[in-house]
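I am opening a notebook on a structure that is new to me, and I want to write down what I look up, entry by entry.

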Amino acid sequence: MDQYIEFAKQINRYFGVDLLQYKRPQMERRILSLMRTVGVDSLEKYVQVLRGDQAQLDKFMNHLTINVSEFYRNPAQWQQLEKQILPELLQRSPNLKVWSAGCSSGEEPYTVAMILNELAPQGRHQIIASDIDSAILERAQEGRYNIKSVAGLPEPYFKKYFDRDGEMVLVKPELKKWVKFKKHDLLKDPYEILCDLIICRNVVIYFTEEAKNTIYRKFYNALKPGGVLFIGSTEQIFQAQEIGFKSVALFFYQKAAG
């Protein structure tokens, strides 16, 4: 039997993560790299390591995807969100539900919280941020970042929403309260419903084409009519029209209004 497939089945059985829906070459490279760091030479032995060592399991989960994020990453796209997408959504509803799916260490949901607080501070907005990695979610909830992560953030946002602590910056409590973090697996857990905006950037690139197609259809169902999906600069929804999306700007797809 293919050792990788058997390994994937055991990972799913013990930890509830379906590796077979991730692109195999990328995943195998990362797993082999992790195996070398703990000195094991077989996938069978590595499963035993993961079952007996929580720190190694956390490390494994963190390496399923590359957690790379920063505030206001790809500024032109955030400006599009700020100047076109969110104002149009706010015309439909004064209170928005936003889901940041695959939020990594939290820069993305905190960025949208800043923008929303500027555009509609009186709104009772709901910002949900989810990720499969429990350790990265703890970091996100702490709201403590290296100063380099805010290098691209507009200066007024930095001054208003962060405190400086040496080479670190701290998200102010009044911004933190806008965001609710939770663990979520895009491949198996129930999706949010009635979202005005879903942000999922540079996450599904790690999945197989079949898994991507399923995820995009679930995102479509999770949106309100007229709701918008914001994807990453490395992504494109080739079957957008078939699903029911229309492109309203580069990297932004809208569900048809009811």
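The entries below go through aromatic rings, charges over rings, one hairpin and one threonine.

**Ground rules.** I note that this is a predicted model, in which local features need pLDDT of at least 70 and side-chain atom pairs count only at pLDDT 80 or more, while totals for chains, interfaces and linings use all residues. I number residues from 1 along each chain as its sequence is written, and side-chain values use heavy atoms, with hydrogens and water left out.

**Aromatic pairs.** I took rings of Phe, Tyr and Trp (its six-membered ring) as paired if their centres lie within 6.5 Å, with planes under 30 degrees apart called stacked, over 60 edge-to-face and the rest tilted. By this rule I count 20 aromatic pairs. One of them is Y46 with F60, which is edge-to-face at 6.1 Å centre to centre and 75° between the planes. This pair links distant parts of the chain, since Y46 belongs to helix α3 (residues 43–52) and F60 to helix α4 (residues 54–62), 14 residues apart. Helices (H or I, at least four residues) and strands (E, at least two) are DSSP runs, numbered from the N terminus. I found both Y46 and F60 buried, where buried means under 20% relative accessible area, exposed over 50% and partly exposed in between (1.4 Å probe, protein chains only).

Why is the pair of F230 and F252 stacked? The ring centres of F230 and F252 are 4.3 Å apart and their planes stand at 20°, so I record the pair as stacked. Here too distant parts of the chain are linked, with F230 in strand β8 (residues 223–231) and F252 in strand β10 (residues 252–255), 22 residues apart. F230 and F252 are both buried. I also noted one aromatic cluster formed by F71, Y110, Y145, F158, F162 and F181.

**Charges over rings.** My rule asks for NZ of Lys or CZ of Arg within 6 Å of the ring centre and within 35 degrees of the ring normal. R13 lies over the face of Y14, 5.7 Å from the ring centre, and the charged end of K255 sits over the ring of Y220 at 4.7 Å from its centre.

Strands β4 (residues 162–165) and β5 (residues 168–171) pair in the antiparallel sense over 4 bridges, where pairing needs at least two DSSP bridges. D163 stands opposite L170 in β5. The hairpin has 2 residues between its strands, and G166 takes a positive phi near 65°.

**One threonine.** I looked up T111 in helix α6 (residues 107–119) and found T111 buried, with a relative accessible area of 0%. Leaving out residues up to four places away in sequence, T111 touches F71, Y72 and W78, contact being heavy atoms within 4.5 Å.
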